[in-house]
Amino acid sequence: MEFPSSLSREPFDRQYFEASGRWLSNPELQKLIMAPEPEPQGRLLWFQSLQARDDYWIWGIGLNGHPIGCFGIKHVDVARSTGEYWGYIGEPHLWGKRIGPWMLSEAATVAHSHGLDSLYLRVWVENLRAIRLYRLVGFLDSTLDGDVLTMAAPVALLLR
Ligand SMILES: CC(C)(COP(=O)(O)OP(=O)(O)OC[C@H]1O[C@@H](n2cnc3c(N)ncnc32)[C@H](O)[C@@H]1OP(=O)(O)O)[C@@H](O)C(=O)NCCC(=O)NCCS
């Protein structure tokens, strides 16, 4: 692995929020993550709401101390021991460099520590790199709804 020693999971603070605003202005990234058109006021309200939420976990990805992306688990449902993983590397020149498995293993570590047994995710069917990564680490297809594929994996399988 080329990167993990210099990668860190960081609090999603103001610096990450502002970086994510820049990342999300990239139409290619928007398409890959099926993001709605960025809406600054709504995004700020969302950011300000994060601290009070226990169903939404979010972290920044630092590479040598610099923000390069973010990931998290939303719709955390402790009663059902599950949640929805999501994540993206915001800097396109860092795509395809094996950072993805680290993101999933970090998310699984936190999920495991909170007693979650499984994670699911939603991915655009044409996002082939992401789908290859998810299959590689152990996600299986569960449903296909239009162009959105839902995949799921036991947390134990994602721990490294
Ligand atoms: C999707 C994303 C998180 C994947 O992370 P990544 O670090 O770029 O991906 P990886 O380098 O780990 O994996 C990509 C490729 O390597 C392969 N791979 C990863 N780890 C591997 C390993 N240990 N051995 C062999 N192959 C491996 C994957 O199968 C995949 O194949 P491909 O490049 O031929 O398509 C990242 O590319 C990204 O953020 N993209 C833009 C936003 C996005 O699509 N987010 C996901 C929305 S659901």
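The model is predicted.

Start with the backbone around the ligand. A polar backbone atom of isoleucine 89 is 2.7 Å from an oxygen atom of the ligand. Glycine 96 places a backbone N or O atom 2.6 Å from a ligand oxygen. For lysine 97, a polar backbone atom is 3.2 Å from an oxygen atom of the ligand. Taken alone, the ligand exposes 920 Å², and the protein buries 80% of that.

Now turn to helix 4. This helix covers residues 100-113, 14 residues in total. From its first C-alpha to its last, helix 4 reaches 20 Å, close to the 20 Å expected at 1.5 Å a residue. Of its 14 residues, 11 are buried, so helix 4 is largely enclosed by the rest of the structure. Among the buried residues are Trp102, Met103, Leu104, Glu106 and Ala111. Just after helix 4 comes glycine 115, with a positive phi of about 80 degrees.

Strand 5 is the next stop. The strand spans residues 118-124 and holds leucine 119. Leucine 119 is buried, and its relative accessible area is 0%. What does leucine 119 touch, not counting residues up to four places away in sequence? Its contacts include Ala111, as well as Ile73, Tyr85, Phe139, Met151 and Leu158. Ala111 is also one of the buried residues of helix 4. Alanine 35 is 84 residues from leucine 119 in sequence, and the two are 20 Å apart in space, C-alpha to C-alpha.

Conventions: Residues numbered from 1 in each chain as written. Predicted model: local features only at pLDDT ≥ 70, side-chain atom pairs only at ≥ 80, totals over all residues. Heavy atoms only, no water. Helix = DSSP H or I, 4+ residues; strand = E, 2+ residues; numbered from the N terminus. Expected span 1.5 Å × (residues − 1). Buried < 20%, exposed > 50% of the residue type's maximum accessible area, 1.4 Å probe, protein only. Contact = heavy atoms within 4.5 Å. Polar contact = N/O pair within 3.5 Å; in protein donor to acceptor, adjacent residues only side chain to side chain. Areas by Shrake-Rupley, 256 points an atom, 1.4 Å probe, with all protein chains shown as cover.
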